[in-house]
Amino acid sequence: MAAHADWYQGNPFTHRDRRLSRSPSEWVRSFACEDLRPLIVCRGPIRKEAMDVFEEMGMAHYGILLSEKDSIVYPNALAPELRQLADNRVHRVPDYTGATKEERVERMKQIVQIALDNGHDSIFAGYGFMAEDEEFVAAVEAAGLKFIGPNSSIQARAGKKDEAKRTALAVGVSVTPGINDVAARTLLAKHPTRKKLLALAEAEGLEVDRAAIADEKVPLEAAAERVLMASYSRGVDLCTVDELGAQVQREVAELFEKHPGSRVRLKAIGGGGGKGQRILGGALLGSKSPDARLVEQAAAEAPAMVREVLAEVKATGVGDNKNLLIELNVEQTRHNEIQLLGNGKWCVSLGGRDCSLQMHEQKLLEVSVTQEGLAAAQARAEKAGRKDEARALATDLEILRRMEDDAARFGEAVGLDSASTFECIVDRDRYYFMEVNTRIQVEHRVTELCYSLRFSNPAAAEDSFVVESLVEAMALLARHGKRLPRPARVPRFPAAVEARLNATDASLSPHAGGLIRFWSRPIEGEIRDDQGICLPNPDTGLFMRYRVAGAYDSNIALPSPGARTASTATSSWRRCWPGPACGGSTSRPTSSSTTGWSTGSSARTSWPSRRPASSSPTSPWWASSRTRPTRSTPPTLSRR
């Protein structure tokens, strides 16, 4: 591989000319997106990535929202991405979602109006909460704008965890044991017959299909769901939170009795990133025959946890959908997810990612899981005579194939028209569908490193173009939709890994208010998504110090390498980011090529201090046997 001087803005793995209008093929040119005019309404590393991709696709008219609470700011409350944009393309808002339901509705209207007033025709919401907010997406569509992501119908059918589980069951996908209709059961506890449900609907002025509710062929729970959906549309509550909590307590007690020795997880139907979840029943863990008193005590925690879950996802307002999932907590498990892409007619899977290593319900490390990688590892194990390892890998490969097939079938069932993730938990030789994230994921780079997409002319297979970015694919789908033919996935790297660099205190809890004082440049082979922190001051060419605002989450950067195997990918990542080391309490000056930030705690971290020598053109960086680069004196993270 040829040497590259700039592995940040000129990284060959992530940067390229994406202007299809320059293709000699008329068919390829017909998929150009230069006329798309998106408004980017997200923060964090994905915002800078989207800006770069849209520019590389030839979009001259795009803008960004800038919140007063953005995670990376410098003293004038400006974000590093601003050095890439003229001020008239930056639109300021106090925050993205508001603190209350009323503020959230007002903010949605404000964002849509900003887009309309400034000539934007589409909105890209990255992987924030707005990206999978059915109400926000519907508001965008109602204003005549395109949403670069799954449409509002998909958000309702797949993004809501209860609806997604019902769809999964309908198409024969294995789901986590539990209950997905506790709100309907709560309503039926008060109004247990069809006649009473119809009377309630009439009394509350709800618009319902009376014939469907009266139809004995429709399950009573489904009839109750219809009444509940009508109440959400009208903005009225048919049950109190106390009544919901009491029903959850009864259901949890039954699960404890049916599955002794297990815990139970409560999960909001909306939310993500670990929010809106609680686990109860720790005292029963491992007990094969708990007595009624212990079960009652464990279940008694449910009502308070229901309130916590609803408050965490801001679903406490009048008329909010307060349904939640009650699931058996699978204790010994791996968390796997399948990347999906569709256009409403076809849906393709793009391998998996293992995200089992987590902290505070937040993913920390993502490792690729591909059929090609597992098959190669199995062959190596068999050749070396490691029979047990080979059998385990064969099981993993079979599970992955089943998950990919089920994921694609699910996507086709809901008419998926953009990027989404099919999330599962794997328990040895079994797996259970968990939920769908109807948005691009933080860890999408892992998939991009493993596969690209080839779109070919159905009339002439040699007439084609390749897409290596999921953000690019989402823009293509928003602009051209069902015109895009079903793509073939093309392997790139056999393995990839991504880790999250987060701002935390000494207890490893998310922490805000610190100062990023130093930042290294990416070394050869590293993909660095860091919101633009690497961009120097255009006037001085020097690094700018940034404050960590941390109003939304603690993630600062996402380093990712690709490699031949998962272990070499991990080694490559360690070569890019070998720290941190904890200790120390005072700040001291260090080389500007190392990384450090003040976090308000007594901790220290060290990072690579220089770029290694370039590989030869015939020796890819991931095949290099070079030693780890040396490091200069590490900086100290000190209390400020």
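Predicted model: local features only at pLDDT ≥ 70, side-chain atom pairs only at ≥ 80, totals over all residues.
I take buried to mean under 20% relative accessible area, exposed over 50%, and partly exposed in between, with a 1.4 Å probe and protein chains only. Residues are numbered from 1 along each chain as its sequence is written, and side-chain values use heavy atoms, with hydrogens and water left out.

**Cysteines**

I looked up Cys450 and noted it as buried, because its relative accessibility is 3%. Cys534 is buried at 8% relative accessibility. Cys347 is buried too, with a relative accessible area of 1%. I then searched for disulfides, a disulfide being a pair of cysteine sulfur atoms within 2.5 Å. The structure holds zero.

I stayed with Cys347, which lies in strand β12, residues 347-354. For element names I use DSSP runs numbered from the N terminus: helices are H or I with at least four residues, strands are E with at least two. What does Cys347 contact, leaving aside its neighbours within four places in sequence? Counting heavy atoms within 4.5 Å as contact, I listed Leu340, Leu341, Gly342, Ala408, Gly411, Glu412, Leu416 and Arg486. I also checked the C-alpha separation of Cys347 and Ala413, which is 9.4 Å across 66 residues of chain.

**Helix α6 on helix α15**

Helix α6 (residues 161-170) packs on helix α15 (residues 387-414) at about 110 degrees, with the axes 10 Å apart. My angle classes are roughly parallel under 35 degrees, roughly antiparallel over 145, roughly perpendicular from 65 to 115, and oblique for the rest. The crossing of α6 and α15 is right-handed; a crossing is right-handed if the near helix is turned clockwise from the far one by less than a right angle, and left-handed if anticlockwise. Ala164, Thr167 and Ala168 of α6 meet Phe410, Ala413 and Val414 of α15. Nonpolar covers Ala, Val, Leu, Ile, Met, Phe, Trp, Tyr, Cys and Pro, charged covers Asp, Glu, Lys and Arg, and polar the others, Gly among them.

**Helix α11 on helix α12**

The axes of α11 (residues 241-258) and α12 (residues 292-299) come within 9 Å and cross at roughly 135 degrees. I therefore classed α11 as oblique to α12. This crossing is right-handed. From α11 I noted Gln249, Val252, Ala253, Phe256 and Glu257, which meet Val295, Ala298 and Ala299 in α12. The contact of α11 with α12 has six nonpolar, one polar and one charged residues.

**Helix α7**

In α7 (residues 182-190) I found Val182, Ala183, Ala184, Thr186, Leu187 and Leu188 buried. The buried residues of α7 pack against β7, α8, α10, α11 and β10.

**Positive phi**

Lys314, not a glycine, has a positive phi of about 55 degrees. I placed Lys314 in the loop between α13 and β10, and it is partly exposed at 46% relative accessibility. Arg428, also not a glycine, has a positive phi of about 55 degrees. Arg428 sits in the loop between β16 and β17 and is exposed at 57%.

Note on methods
Axes fitted to C-alpha atoms, helices over the stretch in contact; angles between N-to-C directions.
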